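Biologist: I would like to learn how to read a model like this one. Can we take it feature by feature?

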Amino acid sequence: MKELSLHLLDLIENSIEAGAKNIFIEINKNKEKTVLRIVDDGKGIPEDVLRDITNPFTTTRRTRKVGLGISLFNEVITNCGGKLNIKSKVGEGTELISEFPSNHIDLPPWGNLADTIYALIVTHPEINFNFKIKTEKGSFEISTEDIKSKLGGDNSFFDPEVIRFIKSYLNQNLGGIGI
């Protein structure tokens, strides 16, 4: 994957496949380092799988025998001097924390993070996403639970007006904090 936002999309899709209903994503980026944290309430990862989670031939999928997402992400950030830590408890959820230099020459660009968040929100309206992003230029938060609450509890993520608002809101705010 050529962009960090695509790695993020893949990591979050893992949480969704694990049955998570609430996913918290935090990105904290400054000049020296970036910390990415994803916490979900999915089914969790068994200890034997967790031990070897960065091996591409370790997967719980039944559709294929490889799981490239975490191994590729781990490869990218460790090649840049970063590290990945995953904690999980079966039945409770998973926490992934990665920390890497913000400006390493081999680090892929973030890409279009607004489109990634937008795609997750509108394609998974049943999930409560909570994004918290902080850079030296400011911070931005968006919670689908708050949006649903403001829409009167109605799940209107398919309404064209709501979709336009979300896309515009993401582009405007993420562009303003330089990510």
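Predicted model: local features only at pLDDT ≥ 70, side-chain atom pairs only at ≥ 80, totals over all residues.

Biologist: Which elements each supply at least two residues of the lining of the second largest pocket?

Modeller: A pocket is an open set of points on a 1 Å grid over the protein atoms alone, where a 1.4 Å probe fits, with protein on both sides within 12 Å along at least five of seven lines; lining residues have an atom within 4 Å of a point. Here the elements are β6 (138-143), α5 (144-150) and α6 (160-176). The lining includes E141, D146 and F165.

Biologist: How many salt bridges does a search of the whole structure find?

Modeller: A salt bridge is a side-chain nitrogen of Lys or Arg within 4 Å of a carboxyl oxygen of Asp or Glu. The search finds four. E95 and R37 form one, at 2.7 Å, N to O. E95 lies in strand β4 and R37 in strand β2, so the pair ties together parts 58 residues apart in sequence. E26 joins R37 and E95 in a network of salt bridges.

Biologist: Is E95 buried or exposed?

Modeller: Buried means under 20% relative accessible area, exposed over 50%, partly exposed in between (1.4 Å probe, protein chains only). E95 is buried, at 18%. R37 is partly exposed, at 27%.

Methods:
Residues numbered from 1 in each chain as written. Heavy atoms only, no water. Helix = DSSP H or I, 4+ residues; strand = E, 2+ residues; numbered from the N terminus.
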